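Subject: Structure handover

Hello,

Here is the structure for your files. Notes on what was found in it follow below.

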Amino acid sequence: ASLATAYALVGLPDAALMHAIAEQVERPEVLATVQPRNVATLLWAFAKLGIVSEPLMDSCVWRIMEDGVLAQFNAQEVTNVVWALARLGSRHKVLEFALASQTLRPAVLTDLTAQQLA
């Protein structure tokens with residue numbers, strides 16, 4: 001996720017590189033080791049660059065919905081995933097409802113900044 005984030009932060013939309021990153025992350029043996037915060041950051045990076053990878057999105061949704069993963073998300077990570085879904089026009093109803101539930105947890109809700117709430 002760090003490489004994808006670096007490219008996103010400097011605004012270098014190298015589609016070939018981003019799709020190569022996506023292909024690596026989509027591999028089950030890699031995806032299973034990706035930390036929850038890195039899933040959120042990876043989705044944010046792709047959305048920031050406007051690069052759509054449905055297989056990556058599906059893999060990340062699968063990872064987030066694994067037992068206990070979403071519960072580890074803090075306010076920033078929830079915000080990053082919601083923003084990425086909206087920016088990429090992705091519709092994952094089950095994940096959207098799960099993210100809303102996670103946002104309502106006091107540990108997340110009270111940690112949201114005014115900017116994140118807007």
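**Salt bridges**

Glu66 forms a salt bridge with Arg63, and their closest N and O atoms are 2.2 Å apart. A salt bridge here is a side-chain nitrogen of Lys or Arg within 4 Å of a carboxyl oxygen of Asp or Glu. This is a predicted model, in which local features need pLDDT of at least 70 and side-chain atom pairs count only at pLDDT 80 or more, while totals for chains, interfaces and linings use all residues. Residues are numbered from 1 along each chain as its sequence is written, and side-chain values use heavy atoms, with hydrogens and water left out.

Arg63 counts as buried at 10% relative accessibility, whereas Glu66 is partly exposed at 24%. Buried means under 20% relative accessible area, exposed means over 50%, and partly exposed lies in between (1.4 Å probe, protein chains only).

How many salt bridges does a search of the whole structure find? The search finds four. Another of them pairs Glu29 with Arg27, with the closest N and O atoms 2.7 Å apart. Both partners are partly exposed: Glu29 has a relative accessible area of 48%, and Arg27 has 34%.

Arg91 and Glu96 also meet through their side chains in a salt bridge, at 3.1 Å from N to O. Arg91 is exposed, with a relative accessible area of 57%, while Glu96 is partly exposed at 22%. Salt bridges with shared partners join Arg91, Lys93 and Glu96 into one network.

Ser90 is found in the loop between H6 and helix H7 (93-103). Helices are DSSP runs of H or I with at least four residues, numbered from the N terminus. Ser90 is buried, with a relative accessible area of 5%. Its side chain makes a polar contact with the side chain of His92 at 3.2 Å. A polar contact is a pair of N or O atoms within 3.5 Å; within protein, one must be able to donate a hydrogen and the other to accept it, and residues adjacent in sequence count only if both atoms are side-chain atoms. Not counting residues up to four places away in sequence, Ser90 touches Met57, Leu85 and Glu96; contact means heavy atoms within 4.5 Å.

Gln102 lies in helix H7 and is buried, with a relative accessible area of 4%. Gln102 and Ala71 are 31 residues apart in sequence and 6.8 Å apart in space, C-alpha to C-alpha. The side chain of Gln102 reaches the backbone oxygen of Ala71 at 3.5 Å. Leaving aside neighbours within four places in sequence, the contacts of Gln102 are Leu70, Ala71, Phe73, Val78 and Val108.

**Helix H4**

Helix H4 (residues 36-49) has 14 residues and reaches 21 Å from its first C-alpha to its last, close to the 20 Å expected at 1.5 Å a residue. That expected span is 1.5 Å times one less than the number of residues. H4 is mostly covered, with 10 of its 14 residues buried; among them are Trp44, Phe46 and Leu49. The cover over the buried residues of H4 includes H1, helix H2 (15-26), helix H5 (54-64) and helix H6 (75-88). Just after H4, Gly50 takes a positive phi of about 70 degrees.

**Val10**

Val10 is in helix H1 (residues 2-10) and counts as exposed at 59% relative accessibility.

Regards

Note on methods:
Helix = DSSP H or I, 4+ residues; strand = E, 2+ residues; numbered from the N terminus.
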